[in-house]
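Hello,

Here is the structure we talked about handing over. Please open it alongside this note, and my findings follow below.

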Amino acid sequence: QVQLVESGGGLVQAGSSLRLSCAASGRTISSYAMGWFRQAPGKEREFVAAIRWNNGATYYSDSVKGRFTISRDNAKSTLYLQMNSLQPEDSAVYYCAARYYSGYFVTNEPDSIYTHWGQGTQVTVSS
């Protein structure tokens, strides 16, 4: 089993930056892909970004490409999401998740293919 714990959410103004962290523990995650998802009130959970833990290959949703950066620290088993130029529409609960990496990223990485989830961290961007 993989346990995931997010941190770093908060309330920021539009145009600001924020970095989320997700600490992974339990079994080794070297063969996993890890992703960030978000869910705003009344909306479905949506894919944000994913990274292949082994080689750092990344994949982003079009809505955050160029503003958000996903990365990982192997030594700390920690996943990050650097969020720049935040806008009110980025407000949501952000979740990190993990899945066994089967060799490729799936288009828009459906949340149904992820098997381990954190509890989420709230990000609120004021205008």
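**Salt bridges and backbone**

Lys65 counts as exposed, at 52% relative accessibility. Here, exposed means over 50% relative accessible area, buried means under 20%, and partly exposed lies in between, using a 1.4 Å probe and protein chains only. Asp62 is exposed too, with a relative accessible area of 66%. Lys65 and Asp62 form a salt bridge, and their closest N and O atoms are 3.3 Å apart.

Before the rest, some notes on the source. This is a predicted model, where local features need pLDDT of at least 70 and side-chain atom pairs count only at pLDDT 80 or more, while totals for chains, interfaces and linings use all residues. Residues are numbered from 1 along each chain as its sequence is written, and side-chain values use heavy atoms, leaving out hydrogens and water.

How many salt bridges does a search of the whole structure find? There are six. A salt bridge is counted when a side-chain nitrogen of Lys or Arg lies within 4 Å of a carboxyl oxygen of Asp or Glu.

One of them joins the side chains of Asp90 and Arg38, at 2.9 Å from N to O. This pair links distant parts of the chain, 52 residues apart: Asp90 sits in the loop between β8 and β9, Arg38 in strand β4 (residues 32–39). Strands are DSSP runs of E with at least two residues, numbered from the N terminus. Asp90 and Arg38 are both buried. They also belong to a network of salt bridges that links Arg38, Glu46, Arg67 and Asp90.

Next, look at Glu109. Its salt bridge partner is Arg99, with the closest N and O atoms 3.0 Å apart. Glu109 lies in the loop between β9 and β10 and Arg99 in strand β9, so the pair ties together parts that are ten residues apart in sequence. Glu109 and Arg99 are both buried. For Glu109, the relative accessible area is 0%.

Now the backbone. Most residues other than glycine have a negative phi. Glu109 has a positive phi, near 30°. Ser85 also is not a glycine, and its phi is positive at about 50°. Where is Ser85 found? Ser85 is in the loop between β8 (78–83) and β9 (92–100). Is Ser85 buried or partly exposed? Ser85 counts as partly exposed, at 37% relative accessibility.

Best wishes

How values were computed: Helix = DSSP H or I, 4+ residues; strand = E, 2+ residues; numbered from the N terminus.
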